[in-house]
Every structure is written in C-alpha cells, then in structure tokens.
Amino acid sequence: FFRKTRKGGIVKSVNENYSHNDFLLGFLRGERVTSDVLQQIIENSSLQKVIVVDTNVLLHHMDILEDSTTELDCVVVCQTALCELRNLNLSVYKRAVQLIKDETRHYLFYPN
C-alpha cells in the first residue's frame with residue numbers, strides 16, 4: 001500500500017512474510033540436518049541440550065572439546081566462528097574441522 005509522508009511525498013510500504021518451512025538447521029558430516037534429526041540427536045545426547053560454541057571457546061578450550069570422556073554430544077559450530085579461528089590459529093582450525101568431520105560425535109556445522 002501507499003502512504004503519504006509528512007513532507008507530502010508518497011512511499012510504498014510492503015509487508016513481507018517469510019513462509020518457508022524448510023529452515024536450514026546446519027550440517028552433520030556433510031548431510032543437511034532437519035528438525036526431526038536434530039530432535040533425535042538432542043534426545044539421544046547425555047545432556048539433552050544443544051551447545052553453541054564461539055571463537056574463544058574453540059581457540060582456548062579445544063582440548064576439552066576433543067576429549068572423548070566429556071559429555072558434549074550435541075555441539076553447534078558456526079561458520080563465522082570457524083572463519084575467525086582460521087585467521088587466528090590455523091592449527092586449531094584444522095583440529096576443529098576434524099572434530100566436525102568425526103563420525104563418532106554430533107558436531108553440527110551451521111552456515112550463517
């Protein structure tokens with residue numbers, strides 16, 4: 001619809017609704033994650049929570065994330081955190097990528 005401004009100009013206003021139901025929830029070992037798969041991963045995890053890590057956690061606590069005795073089952077790693085990590089420390093970045101590719105863990109890659 002069109003509306004008139006205070007100065008007398010005419011502005012077209014558009015109301016947009018995002019009606020998609022196929023929201024991207026990330027990737028698990030290269031496969032798209034749907035809401036059903038994510039719900040199943042959360043229910044089967046020991047903490048039953050999703051942990052989203054940032055660059056500082058990846059940079060300073062990679063040993064804890066790599067430790068197999070920790071109960072971190074469902075971890076989300078954002079693309080921006082990986083890009084920052086690649087610029088800060090390449091060896092830790094490579095370790096994080098290997099962690100995401102690990103078949104025994106549920107580390108989700110979220111492109112944003």
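Q: What is the strand order of the open sheet?
A: The five strands run in the order β4-β3-β7-β6-β5, with mixed pairing. Two strands count as paired if DSSP finds at least two bridges between them. Helices (H or I, at least four residues) and strands (E, at least two) are DSSP runs, numbered from the N terminus.

Q: Before we continue, what are the ground rules here?
A: This is a predicted model, in which local features need pLDDT of at least 70 and side-chain atom pairs count only at pLDDT 80 or more, while totals for chains, interfaces and linings use all residues. Residues are numbered from 1 along each chain as its sequence is written, and side-chain values use heavy atoms, with hydrogens and water left out.

Q: Which strands does helix α1 lie across?
A: Helix α1 (residues 35-44) lies across β3, β6 and β7, running at about 130° to β6. Helix α4 (residues 79-88) lies across β5, β6 and β7, at about 65° to β6. Axes are lines fitted to C-alpha atoms, for helices over the stretch in contact, and angles run from 0 to 180 degrees between N-to-C directions.

Q: At what angle do α4 and α5 cross?
A: Their axes cross at roughly 145° and come within 6 Å. On the α4 side, Leu82, Leu85, Arg86 and Leu88 meet Leu90, Val92, Tyr93, Ala96 and Ile100 of α5, where contact means heavy atoms within 4.5 Å. The residues of this contact divide into eight nonpolar, no polar and one charged. In that grouping, Ala, Val, Leu, Ile, Met, Phe, Trp, Tyr, Cys and Pro count as nonpolar, Asp, Glu, Lys and Arg as charged, and the others, Gly among them, as polar.

Q: Back to the sheet. Is valine 76 buried or exposed?
A: Valine 76, in strand β6, is buried, with a relative accessible area of 12%. Buried means under 20% relative accessible area, exposed over 50%, and partly exposed in between (1.4 Å probe, protein chains only).

Q: What is valine 76 in contact with?
A: Leaving aside neighbours within four places in sequence, valine 76 is in contact with Val50, Ile51, Val52, Val53, Leu108 and Tyr110. The C-alpha atoms of valine 76 and valine 50 are separated by 7.1 Å, although the two residues are 26 apart along the chain.

Q: New topic: how many disulfides does a search of the whole structure find?
A: The search finds zero disulfides, a disulfide being a pair of cysteine sulfur atoms within 2.5 Å. For cysteine 74, the nearest cysteine sulfur is that of cysteine 78, 12 Å away. Cysteine 74 is buried at 1% relative accessibility. Cysteine 83 is in no disulfide either, with the sulfur of cysteine 78 being the nearest at 11 Å. Cysteine 83 is partly exposed at 27%.

Q: How many salt bridges are there?
A: The count comes to four, where a salt bridge is a side-chain nitrogen of Lys or Arg within 4 Å of a carboxyl oxygen of Asp or Glu. One of them joins arginine 29 to glutamate 103, with the closest N and O atoms 3.4 Å apart. This pair links distant parts of the chain, 74 residues apart: arginine 29 is in the loop between β3 (27-28) and β4 (31-32), and glutamate 103 in the loop between α5 (90-101) and β7 (106-110). Arginine 29 is partly exposed at 29%, whereas glutamate 103 is exposed at 60%.

Q: And what does arginine 95 form a salt bridge with?
A: Arginine 95 pairs with aspartate 63, the closest N and O atoms being 2.8 Å apart. Arginine 95 is in helix α5 and aspartate 63 in helix α3 (residues 62-66), 32 residues apart.

Q: Which residue does aspartate 102 meet?
A: Aspartate 102 meets arginine 105 in a salt bridge (3.2 Å, N to O). Arginine 105 is buried at 13% relative accessibility, whereas aspartate 102 is partly exposed at 24%. Elsewhere, salt bridges that share partners join Asp63, Glu66 and Arg95 into one network.
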